[in-house]
Amino acid sequence: METNKTNRNLAVAISAAFIAAIAVFVTIILPAEFGRDPLGTGRILGLSSVSTTTADALNSQLEFHKSDEVEFILEPFQSLEYKYLMDAGNGLVFSWHADGELYFDMHAENTTVEDTEESYAEGDADQAMGVYEAAFNGMHGWFWENRGFDTVTLRLQTSGFYVLATEYRGGGSTDRTLAPVFND
């Protein structure tokens with residue numbers, strides 16, 4: 001009699017473990033590992049995107065990695081643009097900080113399609129930082145304008161895969177050739 005009860009308890013425990021394993025597989029493992037989400041739990045738990053990460057996360061570049069650090073002085077109501085010549089898919093890590101609020105517009109101009117410009121972020125701020133990936137071949141960067149009555153100092157630091165930098169100010173432009181980070 002005792003053996004029958006023990007065997008039944010063991011069968012119930014094995015069945016429960018099997019059902020729990022299937023539930024975990026369907027609700028967590030399928031969405032996270034295989035991109036299959038039959039119950040929608042992967043989307044709710046944020047697991048669906050895990051399966052989309054692949055070896056394609058590596059993005060090899062043809063351009064050498066460069067770094068740039070510049071400082072600009074903007075008198076009251078003065079503006080400037082500073083852009084990088086970048087190919088589609090190239091990345092740029094940036095951080096800028098000003099000692100006063102500036103109007104900014106981060107945008108890009110496509111060099112392969114005439115009169116194509118796209119704005120990514122604009123507003124008033126004294127700093128911004130992030131990572132940018134060029135959507136197309138062209139000039140990518142910022143327009144800043146001091147709309148106040150005080151002189152503002154702006155510092156920009158970038159690192160990425162760009163050919164050169166160009167400053168546009170006062171109706172003219174100045175190109176800056178930047179050396180690769182590892183210059184033998």
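Two strands pair if DSSP finds at least two bridges between them. Strands (E, at least two residues) and helices (H or I, at least four) are DSSP runs numbered from the N terminus.

1. **Basis.** This is a predicted model: local features need pLDDT of at least 70, side-chain atom pairs count only at pLDDT 80 or more, and totals for chains, interfaces and linings use all residues. Residues are numbered from 1 along each chain as its sequence is written, and side-chain values use heavy atoms, with hydrogens and water left out.

2. **Pairing of β1 and β6.** These two strands run antiparallel, with 9 bridges between them. S67 has S159 in β6 as its bridge partner. 

3. **Faces of β1.** In a regular strand the side chains alternate between the two faces of the sheet. In β1 the covered face holds K66, D68, V70, F72 and L74. The uncovered face holds S67, E69, E71 and I73.

4. A salt bridge is a side-chain nitrogen of Lys or Arg within 4 Å of a carboxyl oxygen of Asp or Glu. The structure holds 6 of them. D68 meets R176 at 2.8 Å, N to O. D68 lies in strand β1 and R176 in strand β8 (residues 172-177), so the pair ties together parts 108 residues apart in sequence. E71 bridges to R155, with the closest N and O atoms 3.0 Å apart. E71 is in strand β1 and R155 in strand β6, so this pair ties together parts 84 residues apart in sequence.

5. Buried means under 20% relative accessible area, exposed over 50%, and partly exposed in between (1.4 Å probe, protein chains only). D68 is buried at 3%. R176 is partly exposed at 29%, and R155 is partly exposed at 44%.

6. **A salt-bridge network.** E81 and K83 meet side chain to side chain at 2.9 Å, N to O. E109 joins E81 and K83 in a network of salt bridges. K83 is buried, with a relative accessible area of 1%.

7. **Core.** A nonpolar core is a set of buried Ala, Val, Leu, Ile, Met, Phe, Trp, Tyr and Cys residues joined through side-chain atoms within 4.5 Å. The largest one has 28 residues. Those with the most contacts inside it include Y82, Y84, W96 and W142. β3 gives the largest share, 8 residues. Contact means heavy atoms within 4.5 Å. Beyond four places in sequence, the contacts of Y84 include D68, W142, L156 and L178.

8. **The β3-β4 hairpin.** β3 and β4 run antiparallel and are joined by 15 bridges. D105 stands opposite E122 in β4. The hairpin has 6 residues between its strands, and D115 in the turn has a positive phi of about 55 degrees. V113 is in the loop between β3 and β4. V113 is partly exposed at 42% relative accessibility.

9. **Backbone check at F77.** Most residues other than glycine have a negative phi. F77 is not a glycine, yet its phi is positive, about 65 degrees. F77 sits in the loop between β1 and β2.

10. **A buried loop residue.** N90 lies in the loop between β2 and β3. N90 counts as buried at 8% relative accessibility. Outside four places in sequence, its contacts include Q61, Y132 and F161.
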